[in-house]
Amino acid sequence: MEIDPVLFLAEELRCKERALRTAIKRYEQDHARENGETVNNLLSTLKVLYHEFFETVPTSVLGASEMVRMAAQRLPFSLARYANHFHEVADRLSEGKREHADLVWLRAMRTALKEGQGGEQGQKAAPLLGLALKGAARPVVVFRAFAPPPDDDIPARHH
């Protein structure tokens, strides 16, 4: 089973953002050209990673939870009161729980954000919720191989 590409991208984003914070601190201390180039390279890498993240459909509820978390981070201040609920939904998804009420709520929030509630920032968060819903709503296929217990066709050893 392949890892959800959203999980990989989310981890890459976190690593690059940490590296960027460190590089910025270094550059602020010495203003060395090399450190400035590192900051610019990291910014370019982050731009590419974010672009990929915003276009990748999660293949699992874990990936969907990362999308919901990212959408919560993108909420405008006027909708900050919903951030906690977004994180609660993401927590449940990361535990593998797909509750109907959560999916309905995410669909309603996506619609509200798409229609302009939350302004431009909200409209940027709406596609993330759309992708999260695609990942969370994917059917789970469980394959179980069933084999009857073996017959006693192996002769017992007699000593």
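I began with burial: of the 159 residues in the protein chain, 35% are buried. I note that this is a predicted model.

Next I looked up the secondary structure. I count 6 helices and 0 strands in the protein chain. Read from the N terminus, the order is α-α-α-α-α-α.

I then checked the range of the contacts. I took those between residues at least 6 apart in sequence, and 65% of them join residues at least 24 apart.

**Entry: α4 and α5**

I picked helix α4 (residues 83-94) and helix α5 (residues 100-114). Their axes come within 11 Å and cross at roughly 135 degrees. The angle falls between 115 and 145 degrees, so I log α4 and α5 as oblique to each other. I log the crossing of α4 past α5 as left-handed.

Which residues meet here? From α4 I list His85, Phe86, Val89 and Arg92. From α5 I list Asp102, Trp105, Leu106 and Met109. Sorted by class, this contact of α4 with α5 has 5 nonpolar, 1 polar and 2 charged residues.

**Entry: Glu66**

I moved to Glu66, which sits in helix α3 (residues 61-73). Is Glu66 buried or exposed? I find a relative accessibility of 14%. The cut-off for buried is under 20%, so Glu66 counts as buried.

What does the side chain of Glu66 pair with? I find a polar contact with the side chain of Arg14, at 3.2 Å.

I also listed the neighbours, leaving out residues up to four places away in sequence. Glu66 touches Val6, Leu7, Ala10, Arg14 and Phe53.

Notes: Residues numbered from 1 in each chain as written. Predicted model: local features only at pLDDT ≥ 70, side-chain atom pairs only at ≥ 80, totals over all residues. Heavy atoms only, no water. Axes fitted to C-alpha atoms, helices over the stretch in contact; angles between N-to-C directions. Helix = DSSP H or I, 4+ residues; strand = E, 2+ residues; numbered from the N terminus. Parallel < 35°, antiparallel > 145°, perpendicular 65-115°, else oblique. Left-handed = near helix turned anticlockwise from the far one by under 90°. Contact = heavy atoms within 4.5 Å. Nonpolar A, V, L, I, M, F, W, Y, C, P; charged D, E, K, R; others polar. Buried < 20%, exposed > 50% of the residue type's maximum accessible area, 1.4 Å probe, protein only. Polar contact = N/O pair within 3.5 Å; in protein donor to acceptor, adjacent residues only side chain to side chain.
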